[in-house]
Amino acid sequence: MPNGTRLDLDWPIDLGLTVASHGWIHLQPWSWDPHTGRLSHAECIGGRLGTVATRQLDPRTLAIDWDGFDAVDQPEILRRVRRWVSADWNPEPAVAALGTSFPEAAMLIATGGGRLLRASTFFEDFIKTLLTVNTSWSGTCRMVAALVAEPGDGAFPKPSALIEYGEERLRRVAKLGFRAPTAVAATLRMLDDGAIDIDGHGLDDRLDYEYLLALKGIGPYAAAHCRMLLQDFSRIPVDSVVVAHLRERHDTTPAEYIAARAECGVYLGLGYRLLRLQEKFQVAQVDIGSAVPPSNY
């Protein structure tokens, strides 16, 4: 039988805007029902496979239910759902920083936007980010699905499962290509350094930009994207999609855009994400449906 509880939030959070914040929702093992507003994710907790889900009750309350786990697992379940929606992130400094020059962005944050959907662990976010490098979005979706299907057995694999699966099968079966050695080596390094634990939870203070950039195979885009998912919004993760978007929609380059948005300060990356969100949707009526975006950005 499913179990459930409520999660009371310190600040307003808009679950629909969080889901729509970037392309993560289209990567397994996420599932989103736009009609019921139910967000779910397959999880492996304590060696058991199950599903955890949440839906919005009001701006400061989420309902959470789960299947396949016991009541003793509730603290870990809450920890993961809190991470999905960045429940511990205080939006007030961002509202203050952006309010004068970018009032629409500030208002969106104040009413519950401005949060990027995050996976249950940093490790899942890290590997998924790696799988967006030098590939199409369809390629990213395919590689992630392959990891969930085999080494993950229906959930996203834990660090030990990915290592045990090995570089050869990551290349041959999951089709990770040149990303396979980076995935294995970076996972081993982060475990050895204590930057992640055996479940993939990250220690944020050990995962700074310079540390991530020092991991072999991780460049500025991937490091900046991982940092954004750790609430470091000081950089825009610039890839070919960002370059094309700024050129085609704003007739500018990343360098020119960054210079023009200097007032965003440490919220530069967040300001850009909110710009993209506002361009994609009427934010008061977000319905991402089942449409698959051309990329994570």
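Strand 2 (residues 30-33) and strand 3 run antiparallel and are joined by four bridges; strands are DSSP runs of E of at least two residues, numbered from the N terminus, and two strands pair if DSSP finds at least two bridges between them. The model is predicted: local features need pLDDT of at least 70, side-chain atom pairs count only at pLDDT 80 or more, and totals for chains, interfaces and linings use all residues. Residues are numbered from 1 along each chain as its sequence is written, and side-chain values use heavy atoms, with hydrogens and water left out.

**Strands**
- W32 has L39 of strand 3 as its bridge partner.
- Four residues lie between strand 2 and strand 3 in their hairpin, where G37 takes a positive phi near 70°.
- Seven bridges pair strand 3 with strand 4 (residues 48-58) in the antiparallel sense, and E43 stands opposite G50 of strand 4.
- The hairpin of strand 3 and strand 4 has two residues between the strands, and G46 in the turn has a positive phi of about 60°.
- Strand 3 (residues 38-45) is largely enclosed by the rest of the structure, because six of its eight residues are buried (under 20% relative accessible area; exposed is over 50%, partly exposed in between; 1.4 Å probe, protein chains only).

**Nonpolar core**
- The largest nonpolar core has 87 residues; those touching the most other members are L39, F122, F126, I127, L176, M190 and L212. Such a core is a set of buried Ala, Val, Leu, Ile, Met, Phe, Trp, Tyr and Cys residues joined through side-chain atoms within 4.5 Å.
- Apart from neighbours within four places in sequence, I127 is in contact (heavy atoms within 4.5 Å) with L147, F156, L162, A183 and T187.

**Cysteines**
- There are zero disulfides in the structure (a disulfide is a pair of cysteine sulfur atoms within 2.5 Å).
- C226 is in no disulfide, and the nearest cysteine sulfur, that of C141, is 17 Å away.
- C226 counts as buried because its relative accessibility is 2%, whereas C44, at 24%, counts as partly exposed.
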